[in-house]
Amino acid sequence: MRKLLPLLAVLLVVLLGACSTVGTALLGGDISFTAPQLQSQLNRNFPRDYKKLGGLVSLSLLNPRLSLSGGGRLQLEFDLGIGTLGSQSRTPSGRFALQSGLRFDPQTLGLHLDRPEIVSVDVPSLGGAMNDNARSMLNNWLLDYAREEPVYRLDTSALGRLASRRIQRVDIDPGTVTLRLD
């Protein structure tokens with residue numbers, strides 16, 4: 001029995017350590033996503049086409065590129081196709097970039113843009129700058145997209161980890177988006 005006591009003590013320490021690790025994972029722990037995870041979902045949702053003025057003008061957003069440099073904002077860049085009078089808009093004729101925070105929307109179970117801002121626009125076919133119609137279409141798209149479409153939709157694994165917990169905030173750090181749970 002004396003030889004068995006040290007073995008039982010070691011076993012007890014190991015089991016308690018395992019229990020505390022499991023408890024931290026279940027009770028603590030935030031949920032994190034990497035830039036490649038977000039990029040993968042974006043790639044599945046684009047290109048996107050929008051028609052305005054009864055189809056006389058079309059706007060295509062192509063090839064989304066996401067970067068997470070931190071500072072609480074992500075950057076998204078898109079190639080932009082502009083078509084008029086039936087011309088194809090799937091051919092890139094420029095690009096634009098936006099920066100945004102992220103917010104969790106319980107209705108879509110996804111991360112949406114929060115306070116997005118267009119930071120650059122380069123459309124050589126329009127002399128390098130956007131005209132008022134193209135800028136208006138782009139801003140309208142951005143507002144609708146931020147309200148309606150998630151950049152990233154949580155999968156069943158992440159939703160299971162949420163259970164009945166609330167998301168306090170969404171942090172954007174270099175290479176990672178983290179949902180901070182209560």
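**A sheet and the helix that packs on it**

Strands β3 and β4 form a hairpin with two residues between them, and Gly71, which lies in the turn, has a positive phi of about 70°. Helices (H or I, at least four residues) and strands (E, at least two) are DSSP runs numbered from the N terminus, and two strands count as paired if DSSP finds at least two bridges between them. The model is predicted, so local features need pLDDT of at least 70 and side-chain atom pairs count only at pLDDT 80 or more, while totals for chains, interfaces and linings use all residues. Residues are numbered from 1 along each chain as its sequence is written, and side-chain values use heavy atoms, with hydrogens and water left out.

**The chain as a whole**

- The protein chain has four helices and nine strands, and from the N terminus on its elements run α-β-α-β-β-β-β-β-α-β-α-β-β.
- Of the 182 residues of the protein chain, 36% count as buried, where buried means under 20% relative accessible area, exposed over 50% and partly exposed in between (1.4 Å probe, protein chains only).
- Among contacts (heavy atoms within 4.5 Å) in the protein chain between residues at least 6 apart in sequence, 56% join residues at least 24 apart.

**The sheet**

- Six strands make an open sheet in the order β2-β3-β4-β5-β6-β7, with antiparallel pairing; its edge strands, β2 (48-52) and β7 (152-153), each pair on one side only.
- Strand β2 is joined to β3 (residues 57-70) by five bridges, the two running antiparallel, and Arg48 has Leu61 in β3 as its bridge partner.
- Strand β4 is mostly covered, as nine of its 12 residues are buried.

**Helix α2**

- In helix α2 (residues 35-45), the buried residues include Ala35, Leu38, Gln39, Gln41 and Leu42; because they cover an arc of only 165° around the axis, they lie on the same side of α2, the arc being that of the directions from the helix axis to the C-beta atoms.
- On the other side of α2, Pro36 and Arg44 are exposed.
- Helix α2 packs on the sheet, where it touches β2, β3, β4 (73-84), β5 (94-105) and β7, and its direction makes about 175° with that of β3; axes are lines fitted to C-alpha atoms, for helices over the stretch in contact, and angles run from 0 to 180 degrees between N-to-C directions.
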